[in-house]
Amino acid sequence: MNLAGTMILVNTPIAHVVNPEDRVYITTLSQWEIAMSRLLDRLKNDHKHLKCLLDRLDQEMAYYRQDESRSPKLLVILDALDYIRTWPEHFHHPLEDRVFSMMHARSTDPELRDVIDRVRAQHKNLEALTQKLGADFNAIVNDQVVPIETVMQDYRRYIDLQLEHLACENQFILPMIDACLLPEDIAIIDKELDDQYREMGTQQLRNEYAELYHFVVDDQKEISQPV
Ligand SMILES: [Fe+2]
Ligand SMILES: [Fe+2]
């Protein structure tokens with residue numbers, strides 16, 4: 001859907017004309033619903049994919065325990081780490097930061113505003129923890145000695161925070177987007193999403209990481225096949 005430069009015909013007027021200089025208009029309830037559902041789908045899909053990758057990573061990390069029968073697949077771990085670092089940093093966190101800051105500005109609920117402050121601060125912590133974990137595995141790949149206790153400790157810190165973060169957003173923030181944001185907020189975000197989809201470099205990166213996601217998750221299917 002491309003709303004830029006388009007005047008949407010008014011079937012069910014909700015009387016919001018947004019950013020005249022950008023020529024973005026949402027004037028019908030159905031347009032607002034489409035834009036809202038596109039935003040929620042995008043955030044929920046990101047969370048679903050991230051959770052799948054975390055499960056896959058967790059499965060491999062479990063093989064570092066002494067009682068496990070096979071070695072962890074280092075390539076799968078590196079690919080999963082690449083995805084969980086790059087996708088949130090480039091796509092998911094910037095979108096959430098934009099949406100959440102608008103919600104923060106609109107909301108009069110102090111509890112919701114506190115939760116938003118907390119998850120936004122967690123984005124930076126998560127990016128730092130992911131970077132640390134990536135550095136551990138880069139050292140392992142380069143045959144440097146890294147105590148397994150250090151790796152597992154860094155992994156635990158990352159995964160615990162990431163799971164708490166996802167649960168908090170799914171439970172407390174995503175369900176409130178609809179109630180907090182006005183049609184003009186949704187129109188602005190929708191236009192930004194459109195602009196992002198049109199950027200060639202961004203699109204290429206999205207495609208690469210969509211492929212990487214399937215590569216890592218499909219590897220899991222191969223493992224579960226009967227031998
Ligand atoms: Fe987040
Ligand atoms: Fe999120």
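1. Overall make-up. The protein chain has six helices and two strands. The model is predicted. Read from the N terminus, the order of elements is β-β-α-α-α-α-α-α.

2. Burial and contacts. The protein chain has 227 residues, and 22% of them are buried. Take the contacts with a separation of 6 or more. Of these, 65% join residues 24 or more positions apart.

3. The largest nonpolar core. This core holds 15 residues. Those with the most contacts inside it are Ala 35, Phe 100, Met 103, Ile 116, Ile 186 and Ile 189. The most comes from α5, with four residues.

4. Another core lies apart from the largest one. It has 14 residues, including Leu 57, Leu 81, Leu 126 and Tyr 155.

5. Ile 116. Set aside its neighbours within four places in sequence. Ile 116 is then in contact with Phe 100, Met 103, His 104 and Ile 173. Phe 100 and Met 103 are also among the residues with the most contacts inside the largest core, as is Ile 116 itself.

6. Packing of α2 on α3. How do these two helices run relative to each other? Their axes come within 10 Å and cross at roughly 160 degrees. Angles over 145 degrees count as roughly antiparallel, so α2 and α3 are roughly antiparallel to each other. The crossing is left-handed.

7. Residues between α2 and α3. On the α2 side, the contact includes Leu 74, Ile 77, Leu 81, Arg 85, Glu 89, Asp 97, Phe 100 and His 104. On the α3 side, it includes Arg 113, Ile 116, Arg 120, His 123, Glu 127, Gln 131, Phe 137 and Val 141. The residues of this contact divide into 12 nonpolar, six polar and six charged.

8. Packing of α2 on α4. Helix α4 covers residues 148-180. It packs against α2 at an angle of about 60 degrees, with the axes 10 Å apart. The two helices are therefore oblique to each other. This crossing is left-handed.

9. Residues between α2 and α4. Val 99, Phe 100, Met 103 and Arg 106 come from α2. They meet Ile 173, Met 176, Ile 177 and Cys 180 in α4. Seven of the contact residues are nonpolar, none is polar and one is charged.

10. Where the points join. Phe 100 and Met 103 take part in the contact of α2 with α4. Both also belong to the contact of α2 with α3.

Conventions:
Residues numbered from 1 in each chain as written. Chains lettered and ligands numbered in written order. Predicted model: local features only at pLDDT ≥ 70, side-chain atom pairs only at ≥ 80, totals over all residues. Core = buried A, V, L, I, M, F, W, Y, C linked by C-beta atoms within 7 Å. Buried ≥ 20, exposed ≤ 12 C-beta atoms within 10 Å, placed from the backbone. Contact = placed C-beta atoms within 7 Å. Axes fitted to C-alpha atoms, helices over the stretch in contact; angles between N-to-C directions. Parallel < 35°, antiparallel > 145°, perpendicular 65-115°, else oblique. Left-handed = near helix turned anticlockwise from the far one by under 90°. Nonpolar A, V, L, I, M, F, W, Y, C, P; charged D, E, K, R; others polar.
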